[in-house]
Amino acid sequence: MGIEETKKESELEAEVRLELRQSASGFQTGFIRGTDLFGYVGIEAVLDQMRRKTMKAGFEFNIMVVGQSGLGKSTLVNTLFKSKVSRKSCTPDYEEQISKTVKLHAVSHVIEEKGVKMKLTVIDTPGFGDQINNENCWEPIVNYVNEQYEKYLREELNINRKRRIPDSRVHCCIYFLPATGHRLRPIDLEFMKRLGKIVSIVPVIAKADTLTVEERQEFKERIRKDLTSNEIRVYPQREHDEDPEERLLNDRIRESIPFAVVGTDKEHQVNGNKVLGRKTKWGIIEVENVAHCEFANLRDLLIRSHLQDLKDVTHNIHYETYRVRRLNESNMNFSELVLTSWPLKNGTDTCETESQL
Amino acid sequence: MASSDVARQPDKGARPLSLAGHVGFDSLPDQLVNKSITQGFCFNILCIGETGIGKSTLMDTLFNTNFENFESSHFEPQVKLRAQTYDLQESNVRLRLTVVNTVGFGDQMNKQESYQPVVDYIDKQFETYLQEELKIKRSLHNYHDSRVHACLYFISPSGHSLKSLDLVTMKKLDSKVNIIPVIAKADTISKSELHKFKIKIMSELVSNGVQIYQFPLDDETVAKVNTTMNGHLPFAVVGSTEEVCVGNKMVKARQYPWGVVQVENEHHCDFVKLREMLICVNMEDLREQTHTRHYELYRRCKLEEMGFKDTDPECKPVSLQQTYEAKRQEFLAELQKREDEMRQVFVQRVKEKEAELKEAERELQGRFEQLKRLHADEKAALEEKKRLLDNDLTSFGNRRTAAALLQPPGFTVNGKKDKDRKKWVELSCLYLMAQYTQALMANFKLFLS
């Protein structure tokens, strides 16, 4: 290391600044220091430190897929993460029958890309909307989501708590809408209304290759109208935008939800390239082609640009709402216990509203 | 997985999976970093050292700005802390820096309690954070973290060893904050002395069980540098904000008649090392250690002190709620008891006051009766006198008429004499009556007054 060497050599009027930069670049790559020689402090280095630390610690992401059977949930998840994350239920060796109630199934995998490790958990909901009587089919799901929040809260309130609380809270819930072309059905409305309050919902139109482009636009508009008229909040929510830039970006997204997606894991040759696509008699639907379907938009939203935001919204807003509600229920107002030197003032003790509503 | 991340147990059922193509979540760290940039960073440094040892100058030099500082006097009655917050920006990174300086440290005659204000300050920051965390409606992600992330302890360059004040203070602080000892005004020590001094200091720290902050060795990219730096502790620093022309450049330096001590010259002092370690390499780690180790320890102690436990005496896990309920009942009972006590005391006092007042009333009544009796007596005496007087008057009147009757009517010789004598008797009677009535009036007046 440069520093070592110079120290060992005696009587050298070293031009320390330059040397430092050179030696420093040995252990911190790609760093732009201030050009002004006397203005250099090195605060920027904290970004790199943060990056290194988070990469070492790894990430966790929990995604829930909800929709009737046969809408292509598992296929879509597999396409999103380009690996066999979920087991498709249409394969011959799939033995389970349609269950009487909605049973949730969480499967975890660790995937790695360019040094970034992610523990991905996919929570499947077989049986949702499949029975004849679908009243209260969202209950097991709501219970599951709340259970995860409860687990986290318990751990957070522990005296001896872990360095990193294992995060099993649902960060994102993809809700599959069948491509009827009409509007939202009662079960869709009920579900999204209830779950929109506790988790970030991303609605998608499944098997969108049955809709033409015009039909798709009309369908989407009708859905958006239905969502606003029923006051259903889906991700990204308007109220959570923090600054004008974010608002602009999210507005564009809000104008194109729900995304019409097609999923597949088979590859075909198109114009000499191998692409993911569905081959039919009338052509090949390229999944990653923006002109064909909006899968790429969904993937970009979920993974490439808003993954951290999804986690943040879950942690800062949905989890906090749950916590407020829970602490009020159990009357755990720590400011009542005026012990020793605790002059506690709570912001407002009661949960007046739920998150943004 | 990193082996040093102890809490991350191997997940059961989380099978590793290989990706068939580019998914894109490698941008996750960037997403996280971008969010942090918008939020800004927070860093709090505590500088402990004697007055005049160069704390403010070093901070100015480290951060290349001029924090408004003024010299403190040496006559502070006790140690105080002065915190100042600044917003710095370098390219797109915003840093909210809080520098806390001790004022009057080491100046008192009796330094036994010198460390206490510092410990109190650090605890107070932990306390505010803990309170915020335990609030029902909280906003942790917007919260301005004021917990002390790094503590620079300035050792004065005696060249011999640590002072006992240093040892005592550092021992008290080592479980609360990351301590980085630095040797101040290092241009007063020669190279060989410095080397011996450093070894002496480190051995003293070790033998006294003081745990100073060790630069972390678990990340391969920086492990090597950190190990080297760990060997150079404590850093011998020189601070200066003045610039001197050396060669053809202006460098930060101190100019002496015998030479120029350049601050950023590695041969002259360890300033550059300190800056590298404190800011460029380990700032994030310092913050993490503060949060995960020192703060958690404080929180645990505080909650246990309040009586919250994770398991009850039978080793069954007790939820926070149960403990809380129990505590609350206890507390309410205590309140009730105190209220009853206070009420009793109040009633007691009222009774006493009442008794007192009654006593006074009775006394007054007694006196009034007495006076009344007195008056009645006097009145009776006067009546008696009046009666006597009346009797006298009537008897005198009778005697007069009797005397007048006894005198014969044709008595002319002595007629005039009689008349005179009569007149004289009448006059004297009138005079006597007047006297008597006067006396009576006087008596009556006396009685009435």
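In chain B of this predicted model, the mean position of the 63 positive charges and that of the 64 negative charges are 10 Å apart.

Chain B contains ten helices and ten strands. Its radius of gyration is 51 Å, whereas the globule rule gives 22 Å for 449 residues, so chain B is more spread out than a compact globule. Along the principal axes, the C-alpha atoms of chain B fill a box of roughly 175 × 70 × 45 Å. Buried residues make up 42% of the 449 in chain B. The chain exposes about 26100 Å², with 56% of that area supplied by carbon and sulfur atoms. Of the contacts in chain B between residues at least 6 apart in sequence, 67% join residues at least 24 apart.

Over all chains, the structure holds 48 salt bridges. The table lists some of them.

| Salt bridge | N to O distance |
|---|---|
| A:Glu150 – A:Arg154 | 3.0 Å |
| A:Glu218 – A:Arg222 | 3.4 Å |
| B:Asp87 – B:Arg96 | 3.0 Å |

A:Glu150 and A:Arg154 are four residues apart in helix H5 (residues 139–157) of chain A, about one turn of the helix. A:Glu150 is buried, at 14% relative accessible area, while A:Arg154 is partly exposed, at 46%.

A:Glu218 and A:Arg222 lie in helix H7 (residues 213–229) of chain A; they are four residues apart and so separated by about one helical turn. A:Glu218 is partly exposed, with a relative accessible area of 46%, and A:Arg222 is partly exposed at 24%.

In chain B, B:Asp87 is exposed at 56% relative accessibility, and B:Arg96 is partly exposed at 34%.

A network of salt bridges links A:Lys82, A:Glu288, A:Arg299, A:Asp300 and A:Arg304.

Notes:
Residues are numbered from 1 along each chain as its sequence is written. Chains are lettered from A and ligands numbered from 1 in the order in which they are written. This is a predicted model: local features need pLDDT of at least 70, side-chain atom pairs count only at pLDDT 80 or more; totals for chains, interfaces and linings use all residues. Side-chain values use heavy atoms; hydrogens and water are left out. Helices (H or I, at least four residues) and strands (E, at least two) are DSSP runs, numbered from the N terminus. The radius of gyration is taken over C-alpha atoms; the globule rule is 2.2 Å times the number of residues to the power 0.38. Buried means under 20% relative accessible area, exposed over 50%, partly exposed in between (1.4 Å probe, protein chains only). Contact means heavy atoms within 4.5 Å. Accessible areas come from the Shrake-Rupley method with a 1.4 Å probe; for residues, only the protein chains shown count as cover. Lys and Arg count as positive and Asp and Glu as negative; His and the chain ends are not counted. The place of a charge is taken as NZ of Lys, CZ of Arg, CG of Asp or CD of Glu. A salt bridge is a side-chain nitrogen of Lys or Arg within 4 Å of a carboxyl oxygen of Asp or Glu.
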